Amino acid sequence: MKRFIELFILALLCFASLPASAENGYDLWLRYRPVEKKSLRNHYASRFSKVYVQDDLGATGDAIKDELDRALYSMIGKHPEYVAEKKDAKLIISSGDSGEGFSIKSKPGTQVTEIIGEGPVGALYATYALLHEMQMGKLLDNLDIERRPEISRRVLNHWDNLNGTIERGYAGYSLWNWERLPHDIDPRLIDYARANASIGINGAVVNNVNASARSLDRDWLVRLKGLADAWRPYGIKVYLTAKFSAPIEIGGLATADPKDPAVAEWWKKKADEIYTLIPDFGGFLVKANSEGQPGPQDYGRTHAEGANMLAEALEPHGGIVFWRAFVYRNDRNHDRIVSSYEEFHPLDGKFNDNVVLQVKNGPIDFQPREPFHPLFGGMDQTSVGMEFQITQENLGHAGHLVYLGKLFSEVLLSDTDGNGRSVADVLKSGKISAIAGVSNIGSEINWTGHPFGQANWYSFGRLSWNPEESPEDIAEEWIRLTLTDDDQSVKTIKDMMVMSREAVVNYEMPLGLNHIMNYATHNGPEPWHHDPVWSAYDYHKVSCDSIGVDRTLRGTRATAQYKQPICDKFDDLSLCPDEYLLWFHRLPWDYKMRSGRTLWHELVYKYNEGVNQVESMISDWDKVSAHIDKDRHKRVAALLRLQLEEAKWWRDGCLLFFDSYARKGIPTDYPQPQHSLDYYKSIPFPYDWDGYYK
Ligand code: BDP
């Protein structure tokens, strides 16, 4: 009978390990698939036969047990058995008072594994790390892992509006059920916390940078407390965006001038109120004097004066201010690229210690490729934090497969001074080290809309913990955890992912072109957009003989904002990498490229390369069908077809437009556009999901 039951379980497990026909992606990278190999199953079963979890780990200890229960039951069909004494245990989980670092060690010559967290959250992170090893099919015999995060604040920024819409969100509506908080904690909110904790994300700014002052009202704060309490065991702090005019809007004051004592007092009281409800509240994120948002400059004060006033209100409670550096003048005669550095560089050293200047990865605005922002390395006496965008605002929304791990890593490893001081080093050197990602998640069942969007959330977390990790390795692990562990398929999918970032650059904005997307939706080409306030011509400056913007020392001097020798690298045409060519230089159509082609020909070549890359992604995805569950395979296949259509739309629209100036014609050995330029100009843009441009 016992043998029969064993065989039966084995049959069930084997069946379960085939690609399931229906997976909706909800489980993310925490699928805990049944372990097929009997020997491995037994190995895990024996290691988890007796588990000791230090009993004063509080709610985090419960979260650890909950995760072990789910994982073990799903992977080997058994729950772990908990024991009260360390000496009886095979898995020992304990921790010190606080901290996120941890170690996992196998005790030589025994079957014992010991996890020690610096604090309870460290022990939780270690638990996820151990389960990760198991999901990767590893034995637990020779573990010798020690980890500590390189960056201390690893935060998702949710651009969620209080009415449930998400600005630039393409995966449905906000997950925060404000109406029923704090009483009803939707189980999904816990799954959100689990997913984040499993990749080390430890903070969430829950509302939009284009903030509503109402989020600071007591009515909302008590609801926010519901989220804070639910996420605390997972090591996640909540933060709010603070609208600078809140003292007027909800405080009844006549001004929001940071130098007015009544204003400072209002913020102090507000902070006290928040901390009474949420003792570990993270702090404020502020978008000020940017794109119409109020700020200190409305009162003739500097960004530093505004930030410090808020910082003083938070300081007694241990809170911090993320002050965004995303500012530009609404002046079409001024190169937008240089604005933010011009504004903030003179303020270096003027920010309080609990202020982080949050800087977008590049100096424009989340384009498919940008050189790193010169404020990284340009503000040595200020804590400078990174802001990446995980939601693909300018990279095909949730319709395109684009693996952003490559983009994140490229920026993090950029050399800021010629001596190898990378952007990541700059982040790490701040009094407060911080990295933020504008989230791509929403209410869609698979969280991110595109199934591969999950990899961008995942890689953001992993690189925030350790910016030096290889994005290729991260992609591979994500694939194994999320899609398949068939080696050949893993390799094929990984190659696809790695190429996908280059593909989107090629079919949207090759050779350093930028900001030529549709004005409102930011999806699809519109290099012809031109109105009194915003014109794509400011970004490409196309004419009959040339294209690109001269941002060298002879032009708008954007290159001067970089330290030497990086300044020279971008400024000197012979040194400037092709990928930033038209970003920094204005060149004639017949300019001879390194490839031997003319600039015009190179542009044609690159746009076509992008389309070809999507075509090869389609055929690669076809090849792995036997090893991916049907539903997700079908969904990605459909999305890749959409991506191909849109890649061609970008290519043909842009090339026809640029050629209406260059008059060179598309060489006959390339596919010719199927439609006229007028046709591409007349394509209507569907409504914008985020409700911002109503
Ligand atoms: C732009 C987005 C806009 C954001 C803004 C920001 O289009 O929706 O509000 O950035 O980061 O890229 O503040």
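A: The model is a predicted one.

Q: What is the angle between the planes of Tyr-192 and Trp-231, and how is the pair classed?

A: Two aromatic rings are described by the distance of their centres and the angle of their planes. For Tyr-192 and Trp-231, the centres are 5.0 Å apart and the planes stand at 40°, so the pair is tilted; planes under 30 degrees apart would count as stacked and those over 60 as edge-to-face.

Q: Which parts of the chain does the pair link?

A: The pair joins distant parts: Tyr-192 belongs to helix H5 (residues 187-198) and Trp-231 to helix H6 (residues 218-231), 39 residues apart. Tyr-192 and Trp-231 are both buried. They also belong to one aromatic cluster, together with Tyr-26, Trp-29, Trp-176, Trp-447, Trp-457 and Tyr-458.

Q: What geometry do Tyr-679 and Tyr-680 form?

A: Tyr-679 and Tyr-680 make an edge-to-face pair, with 5.3 Å from centre to centre and 85° between the planes.

Q: Are Tyr-679 and Tyr-680 buried or partly exposed?

A: Buried means under 20% relative accessible area. Tyr-680, at 5%, is therefore buried, whereas Tyr-679, at 38%, is partly exposed.

Q: Which charged residue lies over the face of Tyr-82, and which over that of Trp-220?

A: Lys-65 lies over the face of Tyr-82, 5.1 Å from the ring centre. Arg-223 lies over the face of Trp-220, at 5.9 Å from the ring centre.

Definitions and conventions. Residues numbered from 1 in each chain as written. Predicted model: local features only at pLDDT ≥ 70, side-chain atom pairs only at ≥ 80, totals over all residues. Heavy atoms only, no water. Phe/Tyr/Trp six-rings, centres within 6.5 Å; stacked < 30°, edge-to-face > 60°. Helix = DSSP H or I, 4+ residues; strand = E, 2+ residues; numbered from the N terminus. Buried < 20%, exposed > 50% of the residue type's maximum accessible area, 1.4 Å probe, protein only. Lys NZ or Arg CZ within 6 Å of the ring centre and 35° of its normal.
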